[in-house]
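Look over the sequence and the model before reading on.

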Amino acid sequence: MALTLYVDTARWRAHQQSVLQQFPGLVPVCKGNGYGFGHERLAEEATRLGSDILAVGTTYEAARIKDFFSGDLLVLTPFRHGEEPVPLPDRAIRSVSSVEGVGGLVGARVVIEVMSSMKRHGVKAEDLPKLAAAIEDVRLEGFAIHLPLDRTDGSDAVEEVIGWMDRLRAARLPLHTMFVSHLKAQDLARLQQQFPQTHFRARIGTRLWLGDHEATEYRGAVLDVTRIAKGERFGYRQQKATSDGYLVVVAGGTSHGVGLESPKALHGVMPRAKGVARAGLATVNRNLSPYVWGGKQRWFAEPPHMQVSILFVPGDAPEPQVGEELVAHLRHTTTQYDRLVDR
């Protein structure tokens, strides 16, 4: 009995091919938990796509993935002086976000990140004159810019990239390759047309692996079902049932990521109102689970356990049977499945 990720493999791979056609030469990204699929599986898919390079989050991820992918490995987290050394093959490429960082990677293959409107990390415009001498001691694979997802000020992503291209060119820095993130296909085409001598490579993770929501589905197996009457006590905290129904034990708990959420950026009145409502219900121990039964998302009977969750299904709903599976609406990047099934 397991929490299972079902993959419509033909549909999933067809979506990957459609993204590849829109972004020729894209760099697949495999970081964190491998977008819910795992590092080994995404390394296999990147190989199937014919990718010559795979982007990973950290040096530790690169050390694990190197045995599953034979091409270059681009580490996205920038190098920092004093970081723990991790043995990596020569096909590993380090990101660097400062002139000092470049100086600490003598002889290494590097991609230099420039400071975008994200304001996260990157070489600043005023530091470009110092780069010309610094890059002589490294093997420069290109520059990179990581752009924001939303542009609430109405600014143009392409114009931001063009601004940096002009600055790099004015500083007489080589512009053979520019790695970009969060651009539309038409934006990339505009840039490629304007700068034909530069190879623009889009680093893509979410859109590539998770862009077709219908291609994947999580399901948790029902392990036990117990009838309960209104007023009966149950669970670790011995709460009282508010009505007649069923306590349904289903595969999937905190170790799988069930019940764990990343903070969300809310825009607009309605999403904020729903957020306030959910917070209010949580104060009286009413938390909606990700599991669906009888066409409705069901409530947790109590907070999820480590490997299972206990749901409350009211008596007027169909009684779940042991061995049946409940669809679970889970976030891929925070979920760890027990098994993956291609179908």
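How many residues of domain 1 are in contact with residues of domain 2? There are 8 from domain 1, and they touch 10 residues of domain 2. The model is a predicted one.

## Domain layout

The protein splits into two parts: domain 1 runs over 8–210 and domain 2 over 216–342. Their C-alpha centres are 38 Å apart.

Between domain 1 and domain 2, about 790 Å² of area is buried. Carbon and sulfur atoms give 50% of that area. On the domain 1 side, three residues stand out: Asn33, Gly36 and Phe37. They supply 46% of the area that domain 1 buries against domain 2, more than any other three residues.

## Annotated region

A UniProt record, an unreviewed entry, lists residues 11–153 as "domain: Alanine racemase N-terminal". In the model, the chain over residues 11–153 is 29% helix and 20% strand. The end C-alpha atoms of this stretch lie 37 Å apart.

## The largest pocket

The largest pocket holds about 1400 Å³ of space.

The lining has 46 residues. Nearest the centre of the pocket are Tyr35, Leu149, His182, Thr206 and Arg207. Several elements give two or more residues to the lining: the strands β8 (177–181), β9 (199–204), β10 (216–228) and β17 (325–328), and the helix α8 (206–210). By class, the pocket lining counts 19 nonpolar, 15 polar and 12 charged residues.

## The enclosed cavity

How many cavities of 30 Å³ or more does a search of the whole structure find? The search finds 1. The largest cavity has a volume of about 40 Å³.

Which residues line the largest cavity? They are Glu113, Val114, Ser116, Met118, Arg120, His121 and His146. By class, this lining has 2 nonpolar, 3 polar and 2 charged residues.

Key. Residues numbered from 1 in each chain as written. Predicted model: local features only at pLDDT ≥ 70, side-chain atom pairs only at ≥ 80, totals over all residues. Heavy atoms only, no water. 1 Å grid on protein atoms, 1.4 Å probe; cavity = no way out; pocket = protein on both sides within 12 Å on 5 of 7 lines; lining within 4 Å. Points joined across faces, edges and corners; volume = space filled by probe spheres on them. Helix = DSSP H or I, 4+ residues; strand = E, 2+ residues; numbered from the N terminus. Nonpolar A, V, L, I, M, F, W, Y, C, P; charged D, E, K, R; others polar. UniProt positions renumbered as here; feature names shortened; annotations may be inferred. Domains from an automatic or database assignment. Contact = heavy atoms within 4.5 Å. Buried area = accessible area lost by both parts, 1.4 Å probe.
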